Amino acid sequence: MYGGAVPPCVAFLVLLGGLYPSLAIRSFPVGRGVDGRGDLRFSEAPEYRNGPQCPRRGRYDGGAFDAADSCDASLVHIAMTLDSEYLRGSIAAVHSVLRHASCPENIFFHFVSAEFDPVNPRSLTRLVRSTFPSLNFKVYIFREDTVINLISSSVRQALENPLNYARNYLGDILDPCIGRVIYLDSDVVVVDDVQKLWETPLTGSRAIGAPEYCHANFTKYFTDGFWADPVLSRVFRSREPCYFNTGVMVMDLVRWREGNFRKSIENWMELQKKRRIYELGSLPPFLLVFSGDVESIDHRWNQHGLGGDNVRGSCRSLHPGPVSLLHWSGKGKPWVRLDENRPCPLDHLWEPYDLFKPAAVNTGGLLPGFSSYLA
Ligand SMILES: *[C@@H]1O[C@H](CO)[C@@H](O)[C@H](O)[C@H]1NC(C)=O
């Protein structure tokens, strides 16, 4: 579709985090915190090793690193964003994936970070490396100007973050050799072996798989103006659309690239700029392009909504049924509520994966109210 070349509007840089980790570490000055931000400190995660049943892979021996190949199709490939605001969530999500994987060394993470993040992508790379010394990963830089002019205001400002739209561009950002990827939001924890999700077949010509929620009221994701327009609403005429959440998706990137789905999504975003057809951020264009044509994955893989609604972030309970992945979609994030000492009951399920180290108080004087905490 692109004649082999990356479209001019989409240019990306890659930091090699997985291939040459020791080099990556050495080339960045190791100083205090990240970019002087002493508030971003994480404990080193325990080392998670493959079980004996796993296919043999390169592994860290304390010095040399027999790195996994980012193109190796026998690995489980996971894409996530990496930014200063949700970093604590991303780190916990990675930790949870490793902890529950039967073959953690056979997982490769593809992190997408924003060019103009207050913490630059190199520092984020260094931070991931120091937290997970033997992790297979690569950091890609997402140029926000790829998408910035396509973003419309939405019901919650956080949804307007350009990095929220990085999932539209995975087919362009990730190496062309990557044919399949699991996309995960940063506000999830996986509590099951991710290999099972990876092995989900995408039948027919389906490009994505996700849990579907056919009882949700689909109408409310689009404006009255959208439904009143006979031409627009006809998009669903030959499908039976169901709501799905884009925070957990199995994506066939070969079909994605062939189908030019990035462009289809962008077309809807352009229309949204001209006339308002939905209220949420990056989700509705996915519904427009894929609803009714999504491989339905077991609901256990996206117990979503734990962050509450988009306005108040109230506490929610789990949906009935088994749980393989918990997702704090909505306004409330578990790390924020825990820090503010007003956690929801389910936030305690996130806590064991948290590797954040609160910054040491660097002055002689203790902050009022912290003395007993520090004693
Ligand atoms: C679905 O949502 C729309 C728009 O919010 C509303 O008008 C309609 O009554 C709802 N339908 C049901 C069955 O709840």
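1. Start with residues 58-65. Across this stretch pLDDT stays under 50. The model has 11 contacts beyond four places in sequence for these residues. Keep in mind that this is a predicted model.

2. Now the chain as a whole. The average pLDDT is 85. A score of at least 70 is reached by 82% of the residues.

3. Turn to the largest nonpolar core. It holds 80 residues. Ile78, Val181 and Met251 touch the most other members. Helix 2, residues 87-100, supplies the largest share of this core, with 7 residues.

4. What does isoleucine 78 contact, once neighbours within four places in sequence are left aside? The partners are Val97, Ile107, Phe109, His110, Val181, Ile182 and Leu184. One of them, Val181, is itself among the core members that touch the most others.

5. Is helix 10 buried or exposed? Of its 8 residues, 283-290, 8 are buried, so the helix is largely enclosed by the rest of the structure. The buried set runs through Leu283, Pro284, Pro285, Phe286, Leu287, Leu288, Val289 and Phe290.

6. Which elements cover the buried residues of helix 10? The cover includes two strands, strand 7 (208-210) and strand 9 (243-244). Helix 9 (261-274) is also part of the cover.

Key
Residues numbered from 1 in each chain as written. Predicted model: local features only at pLDDT ≥ 70, side-chain atom pairs only at ≥ 80, totals over all residues. Core = buried A, V, L, I, M, F, W, Y, C linked by C-beta atoms within 7 Å. Buried ≥ 20, exposed ≤ 12 C-beta atoms within 10 Å, placed from the backbone. Helix = DSSP H or I, 4+ residues; strand = E, 2+ residues; numbered from the N terminus. Contact = placed C-beta atoms within 7 Å. pLDDT = per-residue confidence, 0-100.
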